Amino acid sequence: MNTLFRALPSMDACLSALSGHDLPHAHLRALVQAFLEQRRADIRAGYVADSDALTLDALLPALTSFVRDKARPRLRRVLNATGVVIHTNLGRSALAEEAVRAAALAAGGYCNLEYDLSTGERGCRHSLVEGLVRELTGAEAAVVVNNNAAAVLLMLDTLCKGGEVVVSRGQLVEIGGSFRIPDVMARSGAILREVGATNRTHLFDYARAINENTRALLRVHTSNYRIAGFHADVPLEDMAALAREHGLPLLEDLGSGSFVDFTPWGLPGEPTARGVLRAGADMVTFSGDKVLGGPQAGIIAGRSDLISLIRANQLIRALRCDKMTLAALEATLRLYLDPDKALARIPTLRRITMSPAELSRRAKRLARALRRALPPGSARVNVAAGVSRVGGGSFPERDLPTTLVCVEPCACGLEQLRTRLLNCDPPLVGRTGRAGRGERDAFLLDPRTLEEHEFTEAARVMAQALADSA
């Protein structure tokens, strides 16, 4: 074992061999030390028995790869071929080019974030997008915070702290990361008063629960699940009338939120922010980075007197958005002023509404790019009918028809291929499953979530992964 330890190259020899790397010396030295410690651990475990495998020439390819991988940024661009449009783990919605440019402009220099250009005095960041939100939703006033959970927390803390909030038992949702409406409510200082049964809640359930401690009625849109079968819910208009009768605000958490009616594309009708406010809700909250297709944000819109109370809450400073988020959100909202332009320019909307014919054409083009790039005999490539998902908790259990590109590797298993694709630059994320003739297991690429200019890059990455596994 001592002989094997002595065979390892010195630190200076390793650093000299890596002199082309543009890394701070101390950082590079720490990475080399970590690599050598791994080799020593391999020796102690009995994985290495030949000193020739420990020379600098033998270790240099692995050392170079180790340093390159460890020096990469942790947050990296990924090729999304999963077919999940709003993929929470991959950053949710991709921004429109207009939003990207706006965020970069705000980030690269000074801007009037809190400076009133008309007076030369201090301004308010909350006014930057308020006019657009009012125009698009019909709200009297609006404010934006850093996500919808923050919006709900701020709304409840402001309007309901110390009092009861009446919510249907069937609407006590849990979203990703185990964040639950009852827990958010508890953090706000509001007291949950749940009514009805899991599958059926009636107007009289709400009426019976109202007392001198009631601060609001709350509706929570069950955007990430559905109750089917023997089910009943109270129409928003009826709840609004009940709330007005008792002088209470009706609050609506729309969750994903939307400005678009997707029924022409085969998806079920979802409430829009404008529709909810028009039907009688006093305040609505929704996300900016889901179906809306913008940056991460939580939008609160509704009555001006209630929004004024929200703005006076000290929590709002802790939950506010930065200049890049506001710039990207403003650019996204401006696209919605022209609905046709929004559908064409906002990637989330464009991908959700893409036609089956267009997806078939794109799949065939991606398949041709793969066949040209892959090493001969490394994989079989074909196309097959499949399904995509909207994702982000939106339209659960609703499939979008698509055409999948199926890659069947010949020299490695699907799990090995998946791992190699994740180690490529950029990583390619797809899914495995059965598709195509004979329903064989394959690695599936969905062109719905790949831009056409990414096809050549995806083919190169796949070719690299298959060549490495040969």
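The model is predicted. The protein chain has 470 residues, and 48% of them count as buried. Its secondary structure comes to 19 helices and 18 strands.

**Overall build**

- Taken along the principal axes, the C-alpha atoms of the protein chain fill a box of roughly 85 × 55 × 45 Å.
- Among contacts with a separation of 6 or more, 76% are between residues 24 or more positions apart.
- E212 belongs to the loop between helix 9 (203-209) and strand 10 (214-220).
- Is E212 buried or exposed? Its relative accessibility is 68%, so E212 counts as exposed, the cut-off for that being over 50%.

**Nonpolar cores**

- The largest nonpolar core has 55 residues, and the members that touch the most other members are L217, F259, F262, L329, L333 and Y336.
- Which helix gives this core its largest share? That's helix 10 (residues 236-245), with five residues.
- Leaving aside residues up to four places away in sequence, L333 touches V129, L132, V133, L136, F259 and L292.
- Another core lies apart from this one; it has 29 residues, including A141, V173, V184 and V220.

- Strand 12 (residues 283-287) is mostly covered, with five of its five residues buried.
- In a regular strand, side chains alternate between the two faces of the sheet.
- Here both faces are covered: M283, T285 and S287 are buried on one side, and V284 and F286 are buried on the other.
- Strand 11 (residues 250-255) runs parallel to strand 12, and four bridges join the two. Within this pairing, D253 stands opposite T285.
- To get from strand 11 to strand 12, the chain goes through helix 11 (residues 273-278), and this β-α-β crossover is right-handed.
- Strand 13 (residues 298-302) runs antiparallel to strand 12, with five bridges between them. In that pairing, T285 stands opposite I300.

**T137 in helix 6**

- T137 has its place in helix 6 (residues 130-137).
- With a relative accessible area of 1%, T137 is buried, the cut-off being under 20%.
- What does the T137 side chain reach at 2.7 Å? It's the backbone oxygen of V133.
- A polar atom of the T137 side chain also lies 3.2 Å from the backbone nitrogen of A139.
- Not counting residues up to four places away in sequence, T137 touches F259, A273, R274, L277, F286 and A301.

**Helix 8, face by face**

- I181, V184, M185 and S188 are buried in helix 8 (residues 181-188).
- Seen down the helix axis, the buried residues of helix 8 fall within an arc of 100°, so they line one face of the helix.
- A186 and R187 are exposed on the other side of helix 8.
- V184 also belongs to the core of 29 residues.
- Just after helix 8 comes G189, which takes a positive phi of about 90°.

- Most residues other than glycine have a negative phi, and most peptide bonds are trans.
- R92 isn't a glycine, yet it has a positive phi of about 60°.
- Where does R92 lie? You'll find R92 in the loop between strand 2 (84-86) and helix 5 (97-107).
- R92 is partly exposed, with a relative accessible area of 25%.
- The peptide bond from D425 to P426 is cis, with omega near 0°.
- P426 is in the loop between helix 18 (414-422) and strand 16 (428-429).

Key
Residues numbered from 1 in each chain as written. Predicted model: local features only at pLDDT ≥ 70, side-chain atom pairs only at ≥ 80, totals over all residues. Heavy atoms only, no water. Buried < 20%, exposed > 50% of the residue type's maximum accessible area, 1.4 Å probe, protein only. Arc of directions from axis to C-beta. Pairing = 2+ DSSP bridges. Right-handed = clockwise from strand over helix to strand, strands pointing away. Polar contact = N/O pair within 3.5 Å; in protein donor to acceptor, adjacent residues only side chain to side chain. Contact = heavy atoms within 4.5 Å. Core = buried A, V, L, I, M, F, W, Y, C linked by side-chain atoms within 4.5 Å.
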